[in-house]
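My plan is to go from the whole fold down to single side chains.

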Amino acid sequence: MSNKLKIGLFGFGCVGSGLHEVLNQSNLLNASIEKIVVKDTSKTRSIDASNFSYDKSSILDDPEINLVVELIDDADAAYDIVTTAINKGKNVVSANKKLIAEHLAELLLLKDEYGVSFLYEAAVCASIPVIRNLEEYYNNDSLTGIEGICNGTTNYILTRLNNELKPFDEILDDAQKAGFAETDPTLDIDGFDSKYKLQILILHTFGLKTIPKNVLNIGIRHVKTADILFAKEKGLKLRLISYARKVNGKVAAFVAPLFVKDDNFAFDINYEFNGVSIEALFSDKQVFTGKGAGSFPTASAVLSDVSALQYDYKYEYKKLVNVNVELAEGFEIKAFVSSNDVAALSKIQFIDTEEEFTSATYAYKVGTINISQLNHETYRNNPDLFIAFYQDSKINVNLN
Ligand code: HSE
């Protein structure tokens, strides 16, 4: 016999309204949205204003509501809602990757203390059921690596840059209009969104808790037409990849643009689509693709969590027990660095050089670098530097 779920919904934007619609359409679930709390009192919405409340306590203080679904944009406000709901013994479903990545350890302790379930399938690659698969199917420690296109906005931009060579800002504007960019698109184009999702993937792949500042994220803000042409000439494409791999007992992880060949899973994942490749000792690589953003695809993952809660589903985090890996602090990898300011290339130290090019207005270098010299600021504060890595480059982890 399934539990009757009485849902308090926070947020009625793209995903919240999508959930309302899919839940109404799917009468298979023993669940109903009892109350909806939103922030903006003046906004016109697709259902009557009488359906909304503007006071979060109307959900959080209602003992009848046994499930809080948090689908708001603001990670700080979401933190307040989620922690209060857990404190009150309510199960929580969230799609807020930033909230989860920034407060991983604390949220795990809290949900254990109150014995509730905290599910977030929609936070990573939306409709692709990657978290539940990592938890249930790949529930042992045979996983060796995970790579994903986890951000639809940047994949959309890179696809169109490759196909049309149009200006970056014009394409970003289209992504915002299409509704899959974050309210603050910096989160997308500088790789933060991909990093938050990677941290969640690392938790469920290797049982490793990470904090955002320890995982490098390099974005695509500084990609130039010359870089796209460099890739095209060599039959490569650029993709923003969330990457984590076990090497010598450590996890080498980053978010960065990667040059991929046509034999790579990411090569044919275009526009706002996402994809994840999971690599295990015995099964080798398996690839999941699907819609990683948008109203219904994201709502479908939330719906799946709601459905699982009818039967008291909880993530068990089996890999967290006796975790035997740690995050690698530095490792060597094959990199491409380019700049319109030729002198700026010297900011990156190369261990060896495979290829280089210099003209008066554009220069690039390809070779091995140690990523320990990079941090987000190296990338962000040097607008002339575009940094990308190579698919399948041999990664040498520093053994200290
Ligand atoms: N801004 C995100 C993306 C939305 O572009 O993928 C889904 O998390």
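What share of the contacts in the protein chain with a separation of 6 or more comes from residues 24 or more positions apart? I looked it up: such residues account for 74% of those contacts. Contact here means heavy atoms within 4.5 Å.

A note on the source before going on. I am working on a predicted model, where local features need pLDDT of at least 70, side-chain atom pairs count only at pLDDT 80 or more, and totals for chains, interfaces and linings use all residues. Residues are numbered from 1 along each chain as its sequence is written, and side-chain values use heavy atoms, with hydrogens and water left out.

**Entry: overall fold**

I find 13 helices and 18 strands in the protein chain. Both are DSSP runs numbered from the N terminus: helices are H or I with at least four residues, strands are E with at least two. The radius of gyration, taken over C-alpha atoms, is 22 Å. Along the principal axes, the C-alpha atoms fill a box of roughly 70 × 50 × 30 Å. I then checked burial: 57% of the 400 residues are buried. Buried means under 20% relative accessible area, exposed over 50%, and partly exposed in between, with a 1.4 Å probe and protein chains only.

**Entry: cores**

I looked for nonpolar cores next, that is, sets of buried Ala, Val, Leu, Ile, Met, Phe, Trp, Tyr and Cys residues joined through side-chain atoms within 4.5 Å. The largest has 108 residues, and Val 69 and Tyr 120 have the most contacts inside it. Helix 12 (residues 295-309) gives the most to this core, with seven residues. Another core lies apart from it, with 34 residues, among them Val 247, Val 260, Ala 363 and Tyr 379. I also listed the neighbours of Tyr 120, leaving out residues up to four places away in sequence; they include Ile 100, Ile 131, Leu 203, Asp 305 and Tyr 317.

**Entry: salt bridges**

How many salt bridges does the structure hold? I count 24. The criterion is a side-chain nitrogen of Lys or Arg within 4 Å of a carboxyl oxygen of Asp or Glu.

I began with a local pair. Lys 177 and Asp 173 meet at 3.0 Å, N to O. Both lie in helix 8 (residues 168-178), four residues apart, about one turn of the helix. Lys 177 is exposed at 65% relative accessibility, while Asp 173 is partly exposed at 35%.

Arg 221 and Asp 190 form a salt bridge with their closest N and O atoms 2.8 Å apart. This pair links distant parts of the chain, 31 residues apart: Arg 221 sits in the loop between strand 8 (216-217) and helix 11 (225-233), Asp 190 in the loop between helix 9 and helix 10 (192-206). Asp 190 is buried at 0%, and Arg 221 is partly exposed at 27%.

Glu 355 and Lys 234 meet at 3.2 Å, N to O. Glu 355 is in strand 15 (residues 352-358) and Lys 234 in the loop between helix 11 and strand 9 (237-247), so the pair ties together parts 121 residues apart in sequence. I also noted one network, in which salt bridges that share partners join Arg 160, Glu 164, Lys 166, Glu 170 and Asp 174.

Lys and Arg count as positive, Asp and Glu as negative; His and the chain ends are not counted.

A polar atom of its side chain lies 2.7 Å from the backbone nitrogen of Glu 182. Asp 188 also touches Asn 151, Thr 153 and Leu 240, among others.

Lys 195, in helix 10, is likewise buried without a salt bridge. Glu 377 is its nearest side chain of opposite charge, 8.5 Å away. Lys 195 touches Pro 212, Lys 213, Val 215, Asn 217 and Val 255, not counting residues up to four places away in sequence.

Conventions:
A polar contact is a pair of N or O atoms within 3.5 Å; within protein, one must be able to donate a hydrogen and the other to accept it, and residues adjacent in sequence count only if both atoms are side-chain atoms. The radius of gyration is taken over C-alpha atoms; the globule rule is 2.2 Å times the number of residues to the power 0.38.
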